[in-house]
Amino acid sequence: MIVSGKPWLDTEGHSIQAHGGGIWAEKGRYYWYGENKGGPTLAEPRCGFRVDVIGVSCYVSTDLAIWRHAGVVLKARSDEPDHDLYPKNILERPKVIQCPATGRYVMWMHIDSYQRDKAAVGVAVADKPEGPFEYLRSFRPHGCDSRDMTVFRDDDGSGWLIYSSERNDTLHVGRLTDDYTDVAGDFTRVMAGRRREAPAVFRHEGRLYLITSGCSGWFPNPSETAVADRMTGPWTVLGDPFAGDAEGTSFRSQSTFVLPRAGGEADEYMYMGDRWEPKDLGSSTYVWLPMTVSGTRLRIEWRNSWNPEMKGL
Ligand code: GAL
């Protein structure tokens, strides 16, 4: 069962540390990667609160409910003050996709300085989904500032990077190189001027969908979605998918990923969001809810608990 907004434990009884994360699924297994925030929450001038970088944790499951910790698959570099992964820097929103051309698993993440003025992406690679991941480098995609981000592997094997740019004013979408470790060519501006972050992308019946949050730091806000026929747009804004969300807070969550649900109905998806606890970030919980698409309308309803394998819900 999935019980959103409550503490979740792994098979060893430890709280699951996979914030701002995403899932890679293959061969009947789900690999959930996210920020390990299992350290003290510290005051920070820019965003109020932070946890020093510990690394990216990976959890493995066959049913989306019982999770085994496969370890911190990309670790902080505590002894290297000049390294991107030095604990005083920022590592957020890690996502992994497998590259069809190389067979390798490629992790993309938001890399930033303590002051959040580096605004870059980081890339790491592994031969197996459980890692370990080798960190390659950070850079500004297309020479642009990049903060919240995600990557997406489309049905034709193309890889895409979607990132908040222009000081979070506008999303940029750009294709990845064939080996998925860089961006190729130019970018497209999406939801220009709408100040969106926390992007999550999925494909349904020939169309692409994007879920985004607004910009209010660790505090939740209404989501906004968009649909397009191709990644390079044009994207049409659709509105807020949360049904009966009286507070206008996306059920007190911020988007991070959408998972097509194996075992469910063909047109059912799982929305994954973070319910941040700013003053104790490591105790932030997860809001995972079934999402349906009818026509081009996305709909997410609250469930106190639900079984992700159940048909028809
Ligand atoms: C959010 C962002 C998070 C984190 C946070 C810091 O808007 O989505 O990933 O950066 O701000 O305040």
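**Ligand contacts**

I began with Asp 148, which has a polar side-chain atom 2.5 Å from an oxygen atom of the ligand; a polar contact here is a pair of N or O atoms within 3.5 Å. This is a predicted model, where local features need pLDDT of at least 70, side-chain atom pairs count only at pLDDT 80 or more, and totals for chains, interfaces and linings use all residues. Residues are numbered from 1 along each chain as its sequence is written, and side-chain values use heavy atoms, with hydrogens and water left out.

Next I looked up Gln 254, whose side chain has a polar atom 2.9 Å from a ligand oxygen. For Arg 93, I noted 3.0 Å between a side-chain N or O atom and an oxygen atom of the ligand. The protein buries 95% of the 310 Å² that the ligand exposes when taken alone (Shrake-Rupley method, 1.4 Å probe).

Which residues surround the ligand? I listed Cys 47, Glu 92, Arg 93, Arg 116, Asp 148, Glu 197, Gly 217, Trp 218 and Gln 254, counting a residue as near if one of its heavy atoms lies within 4 Å.

**Pockets**

Where does the ligand sit? I found it in the second largest pocket, meaning that more than half of its atoms lie within 2 Å of the pocket's grid points. A pocket is an open set of points on a 1 Å grid over the protein atoms alone, where a 1.4 Å probe fits, with protein on both sides within 12 Å along at least five of seven lines; lining residues have an atom within 4 Å of a point.

I counted 19 lining residues for the second largest pocket, with Cys 47, Arg 116, Asn 168, Glu 197 and Gly 217 nearest its centre.

Definitions and conventions. Polar contact = N/O pair within 3.5 Å; in protein donor to acceptor, adjacent residues only side chain to side chain.
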